[in-house]
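Dear colleague,

I am passing on the structure we spoke about, which you will find just below. My notes on it follow, and I would be glad if you read them with the coordinates open.

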Amino acid sequence: AHARGWDVLLDAAAFVPTNALDLSLWKPDFVDVSFYKMFGLPTGVGALLVRKEKLSVLRRKAFFGGTVEYVGVGLQTHTLKPGHSGFEDGTVSYLNIPAVELGLRFLRKVGINSIHDRVQALTGWLLAQLTSLRHRTTGGAVVRLYGPAT
């Protein structure tokens, strides 16, 4: 995509809770993550990682509290704060920030590879249990999987 001039957004919200993401190997311009999906809390807090050289391509059609340097009502114009500050709507959820730090520490302590291996094992067990279910009368499969059975 980059070779063809496209900007690349990697939606990693579902991937990073159980997998290591190496941004030195995969070089998207934008990556979104959800801390809630990573460690179950806090709700409504995530991050959009943006390469510095790509921040200038982001545009906003509206503005909200905390993002504006200047508003000209008569001219119907506004100027956003420079850099990432122009995209941080409203008041930061200060009470939830410690939960993010604690969650990241926990993930580091447990290890993302351990989490990945455990999720793989549980998924394998669940799929085996589901595919082994049979109707009592016909003996036919109770579950039909759409997608890989591993």
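Glutamate 53 is exposed in this predicted model, because its relative accessible area is 56% and the cut-off for that class is over 50%. Glutamate 53 sits in the loop that runs between β3 (46-50) and β4 (68-72), and its C-alpha lies 8.7 Å from that of aspartate 29, although the two are 24 residues apart in sequence.

Asparagine 19, in the loop between β1 (9-11) and β2, counts as buried, because its relative accessibility is 18% and the limit for buried is under 20%. A polar atom of the asparagine 19 side chain lies 3.0 Å from the backbone oxygen of phenylalanine 15, and the side chain of asparagine 19 also makes a polar contact, at 2.9 Å, with the side chain of histidine 116. When neighbours within four places in sequence are left aside, asparagine 19 is in contact with Ile112 and His116.

As for the interior, in soluble globular proteins nonpolar side chains tend to be buried together. Here the largest nonpolar core consists of ten residues, among them Ala12, Val16, Val100 and Leu107. At least two residues of this core come from each of β2 (30-34), α1 (35-39) and α2 (97-110), with α1 giving the most, namely three. Leucine 107, if residues up to four places away in sequence are not counted, touches Met38, Phe39, Ile112 and Ile115.

With best wishes

Note on methods: Residues numbered from 1 in each chain as written. Predicted model: local features only at pLDDT ≥ 70, side-chain atom pairs only at ≥ 80, totals over all residues. Heavy atoms only, no water. Core = buried A, V, L, I, M, F, W, Y, C linked by side-chain atoms within 4.5 Å. Buried < 20%, exposed > 50% of the residue type's maximum accessible area, 1.4 Å probe, protein only. Helix = DSSP H or I, 4+ residues; strand = E, 2+ residues; numbered from the N terminus. Contact = heavy atoms within 4.5 Å. Polar contact = N/O pair within 3.5 Å; in protein donor to acceptor, adjacent residues only side chain to side chain.
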